[in-house]
Amino acid sequence: MDDDEAIGRSLAGDLSAYEALVARYSALAHRTAAMLGAGDEAEDVVQEAFVKAFRHLSTFRRDAPFRPWLLRIVANETHNLTRSRGRRSELAVRLSATAEIKAPDDPEGSAVATDRRARLLEAVRHLPERERQAVVCRYFLQLTEAETAQVLDWPLGTVKSSTHRGLARLREEVGNELA
Amino acid sequence: MSSHDPFDDLAAELTALADFLDVPYPPPNDVASAVRARLEPTRDTPAISDTPATRETSATPDAPEPSDTPATPEAAPEAPPEAPDVPGARRHPPAPGRRDDERRPPAQRRRRARWRIVTAIILAVIAITAATPQGRAAVRAILHYAGIELRLGESTPEPVTTPTPLPGEHAVAPADLSTQVRFPVKTPTALGTPQRATVSDNGRVASMFWQGGIRLDQFDGTLSPYFFKSVGPPWPEDVPVGGVTAWWLGGEHPLGYLKRQDGTSVPLRQAQATLIWQSGTVGYRLEGAGTKERAAEIAATLLQ
């Protein structure tokens, strides 16, 4: 069952089809909510987003991809949450522990790479909010510029400029050396 | 990657970094079940005399929550869902006049607000999740019913190890009970005259005790909750009792009291299996009856 079929059946009231759709996008939705600042309330945000997505499914254009449409609702819910908390959203991720064992033959190089990743992540964390959101969407969530524009509800030009400014700032912070 | 050539290497590095970022997430099937449980059309809404218009008649799963239903005083109606393309809109407008908004800490208010749904919907969720093991594990809710706040969690809550009496609890002669409280007190004919009785919190709660550890608490069920119960799986089970729906909490669970003055949660003790229900303006909890069937029998003799 592809997305379009699942959506069609969901619109007809088949909750099992929607359940399949939720299961399919659940991990990505959690990743998006956490990375856009939902923190430990990502689960609540995601559940709320899926409920709203279902209720608004009739407004979804069937010829468009489902993923950015859904992620936009997730981003909205996250935005509402961080705004209601009245503080800056945070990038709620941590470096995987498995990062340490990627290069067992080269412990020194591995340590350098790990350190580099940690510095880069810290730099992303400290970007101004809009630049961080753009960088997170483009590279951590690997959305296209057009998808990022849709998810964040920004004009395409804003996505381009915020991404560019974010990258420039990261370059200043962490320099040129590659991991 | 990026169209900005000078940053291609950095962009590639960021993309590679993404693989090293851990974001915990619950099992997708649990999320799917929880979402489904919230979308299921209401199929088993109890007719509670003090909870007007709780039956959701629409068969469509996306029927909006009734926005003009008073429901219970605690279950303020939720705003209709906003369009998904309105990023600036608040998810939940403030509910002026909600007593507990003044007396609960902000974090708790927020959590309550997020899960606040018209009672009918939540009762339906419970009815449905009781039938689906996955839903039972994943859905979380706070339910206000019959003067009791049910805190439904995903796992068994920590037991209360030090029992505490109700605020201001003092013994009274069973015959005098009705003169000491602010609402009509009833006695279940199935149990007869209680061995002893107490009144607590300035006449807000009347408690009766019988042999074998059976205890019946009666309290004004229309105000903010007096009691809270923390409950993990298995979730409450609905039991029809004399025309109202009661809820059976089949396992022992932490019971606490919510102070009138400031809403402070006071852990009381580990309660045994309990049946809770509401009749008229009074809330009831019957503890220690043993089985669901026996509890329902006793409750029915009170309702007559």
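## Sheet in chain B

Two strands count as paired when DSSP finds at least two bridges between them. In this predicted model, strand β6 (residues 205-210) of chain B meets that criterion with β7(B), to which six bridges join it in the antiparallel sense. Within this pair, B:A206 has B:Q218 of β7(B) as its bridge partner. Three residues lie between the two strands of the hairpin, and one residue there, B:G212, has a positive phi near 85°.

β7(B) also pairs with strand β14 (residues 282-287) of chain B, again antiparallel and over six bridges. Here B:L216 is placed opposite B:L286 of β14(B). Why is strand β7 of chain B described as largely enclosed by the rest of the structure? The strand covers residues 214-220, and five of its seven residues are buried, so the remainder of the structure largely encloses it. The cut-off for a buried residue is 20 or more other C-beta atoms within 10 Å of its own.

These strands belong to an open sheet of eight strands in chain B, with the order β4-β5-β6-β7-β14-β13-β10-β9 and antiparallel pairing. At the edges are β4 (170-172) and β9 (237-241) of chain B, each of which pairs on one side only. From one strand to the next, the twist averages 25°. One of the residue pairs is B:D238 with its bridge partner B:W247 in β10(B).

## Chain B overall

Chain B has eight helices and 14 strands. Its length is 304 residues, of which 41% count as buried. Of the contacts in chain B between residues at least 6 apart in sequence, 61% link residues at least 24 apart.

## Nonpolar cores

The largest nonpolar core comprises 58 residues, and A:A33, A:V46, A:L70 and A:V74 have the most contacts inside it. Helix α2 (residues 15-38) of chain A supplies eleven residues, the largest share of this core. Domain 1 (3-85) and domain 2 (97-174) of chain A both contribute residues, so the core lies between them. Beyond its neighbours within four places in sequence, A:A33 has contacts with A:A38, A:A42, A:V45, A:V46, A:V74 and A:T78.

In soluble globular proteins, nonpolar side chains tend to be buried together.

## Positive phi in chain A loops

Most residues other than glycine have a negative phi. A:Q142 instead has a positive phi, near 55°. Its loop connects α6 (129-140) and α7 (145-152) of chain A. A:Q142 counts as partly exposed because it has 13 C-beta neighbours inside 10 Å.

A:D153 likewise has a positive phi, near 60°, and sits in the loop between α7 and α8 (156-174) of chain A. Is A:D153 buried or partly exposed? With 15 C-beta neighbours inside 10 Å, A:D153 is classed as partly exposed.

## Confidence in chain A

The average pLDDT of chain A is 85, and 83% of the residues score at least 70. Where does pLDDT stay under 50 in chain A? That stretch is residues 97-104, for which the model has eight contacts beyond four places in sequence. Where pLDDT is low, the predicted coordinates should not be read in detail.

Methods. Residues numbered from 1 in each chain as written. Chains lettered and ligands numbered in written order. Predicted model: local features only at pLDDT ≥ 70, side-chain atom pairs only at ≥ 80, totals over all residues. pLDDT = per-residue confidence, 0-100. Contact = placed C-beta atoms within 7 Å. Buried ≥ 20, exposed ≤ 12 C-beta atoms within 10 Å, placed from the backbone. Helix = DSSP H or I, 4+ residues; strand = E, 2+ residues; numbered from the N terminus. Core = buried A, V, L, I, M, F, W, Y, C linked by C-beta atoms within 7 Å. Domains from an automatic or database assignment. Axes fitted to C-alpha atoms, helices over the stretch in contact; angles between N-to-C directions.
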